[in-house]
Amino acid sequence: MMILWEKKRIRNTIGSLVLAMALALSFMSTPVNGAVSGHPPDPKGIINPDPDHIQGKSGDKIIKVRPRDDADDYRNLQWAFDHTGAGGTIALGSGTFFLGDGTASPRRTLWMRRGVRVTGLKEGSTWRTVIRGGGEVLTPGLGGEFESGPIRLAIEGDNHPAVFEGIWFREWACEIIFIVSCPGFEFRDCRISHPANTALPGKIRYVHAIWSTGVKARGDFTVENCLVELGGYRGQPADDEQLLGIFYSNHDTIRVVNNVITGIDEAIEILGNRYGRYGAGDPTAASGPSEIIVKGNRIDVTGTPGPRWPSSFAILICGNLKVDAVRIEDNHIVKRGKGWGLGLSGENLRITGNRFRFESHQGEFPPGAVTIGFGRLAGLDMGSSLNHSLFANNTFEGKVGKVGIFFSASPGNALNNSHDNLFDLGDSLAGLGAETTLFLSKDLRGNTFKGNLGRLIDNAPQGANQY
């Protein structure tokens with residue numbers, strides 16, 4: 001029963017991930033510059049096109065922009081993006097900047113080609129600056145006809161990061177920020193809401209608020225202190241939704257901390273960072289100090305994505321290379337209906353102090369709490385194992401159906417030989433009422449399991465693990 005269920009789950013996952021990975025590979029292999037998709041560099045020249053709403057001249061370190069709430073906001077913002085001095089600040093005023101909704105005017109996408117800081121006005125818990133709409137269909141050269149949201153980063157030859165602070169993004173399509181290349185990225189004190197599902201016929205409906213992919217997406221990556229309200233679609237829901245996806249990028253330290261996230265699918269997905277183009281040992285992958293820190297987030301996600309994307313995890317962190325430590329700490333996670341709380345693989349993970357709660361949705365409880373190991377899919381290694389890691393002081397509430405913690409091992413994938421881990425499970429995992437509390441695949445070795453293990457299925461050789 002367990003093996004049949006797992007085969008079915010992996011088949012569904014493979015079919016979905018192949019599509020996403022093929023898309024990402026096309027993104028990684030395509031050069032991006034200002035001439036793509038009818039966006040020549042600096043299309044308006046150096047003259048300020050709207051002095052009534054733009055304060056500053058080309059090359060200034062600070063340019064201030066007031067909103068018009070009409071289609072010319074795109075022209076004004078693109079001019080500011082092109083003409084603010086590298087490392088400078090674009091200060092957005094109070095009100096709404098309109099980038100098109102497909103009805104009143106076409107959706108547009110701003111291109112950032114130099115690192116600048118873009119700031120809005122925020123008073124306490126109220127965001128005064130809004131960017132509404134956005135999301136052109138960009139073709140050719142970026143994976144086919146897919147929408148891009150308000151902003152696309154293509155920063156090269158510039159050491160200044162792209163920084164966004166204090167802005168409310170709403171009614172955007174597909175992504176808010178798509179990172180193709182950058183030397184660093186910071187997104188703080190922002191609000192995200194009202195995603196628009198505008199996928200073309202026959203396309204998977206991707207809604208990734210922040211998406212980073214490819215070897216040119218570099219530097220530190222930070223998302224912190226944001227309010228994220230996904231879901232709420234008019235008509236069909238997204239098939240794949242998340243606050244952020246780091247998908248085979250090349251970042252150094254990644255920090256996702258103190259965010260409040262609600263939605264219908266994933267919240268946080270970090271896959272294959274520093275993988276380069278081809279995996280371990282690839283010289284295109286970044287090196288040097290690196291950490292992944294996912295800490296202090298409050299996540300509440302209900303597994304109700306569209307029918308074309310069967311797998312769902314509140315947090316999915318797998319296959320990241322050349323990382324000194326991965327810290328998943330002090331998060332409060334609620335997962336309802338379909339999907340899992342956590343998916344893991346890699347080296348040097350510390351999963352501590354997290355609180356998980358599993359609830360039903362439309363009569364369906366999540367199948368399990370934690371999956372470990374995914375294997376190689378579509379030529380990309382998501383990681384088959386978890387090694388040299390600590391899982392301790394986490395608490396579990398509610399109910400799951402099949403498995404508490406599942407060490408996945410499926411035909412056709414790399415062996416799950418997770419080793420040298422310490423799992424201190426306490427008493428609460430067994431209280432989830434799963435058919436199997438802890439499932440160990442046959443190649444596990446050198447792991448220590450403590451606490452109430454409930455119903456244990458151990459397929460490893462006798463004595464290979466301690467409990």
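This is a short chat about a predicted model of a protein.

Trainee: What should I know before reading the numbers?
Mentor: In this predicted model, local features need pLDDT of at least 70 and side-chain atom pairs count only at pLDDT 80 or more, while totals for chains, interfaces and linings use all residues. Residues are numbered from 1 along each chain as its sequence is written, and side-chain values use heavy atoms, with hydrogens and water left out.

Trainee: How many helices and strands are in the protein?
Mentor: Two helices and 44 strands; helices (H or I, at least four residues) and strands (E, at least two) are DSSP runs, numbered from the N terminus.

Trainee: What order do the strands take in the open sheet of twelve?
Mentor: The order is β5-β12-β15-β18-β21-β24-β27-β30-β34-β40-β42-β44, with parallel pairing. Two strands pair if DSSP finds at least two bridges between them.

Trainee: Which are the edge strands?
Mentor: β5 (110–112) and β44 (456–458), each of which pairs on one side only.

Trainee: How many bridges join β15 to β18?
Mentor: Three, between residues 177–181 and residues 206–213. Within that pair, I179 stands opposite S212 in β18.

Trainee: New topic. Is I261 buried or exposed?
Mentor: I261 is buried, because its relative accessible area is 0%. Buried means under 20% relative accessible area, exposed over 50%, and partly exposed in between (1.4 Å probe, protein chains only).

Trainee: Where is I261 found, and what does I261 touch?
Mentor: I261 is found in strand β23 (residues 260–263). Not counting residues up to four places away in sequence, I261 touches V228, L243, A267, I268, R298, I299 and D300; contact means heavy atoms within 4.5 Å.
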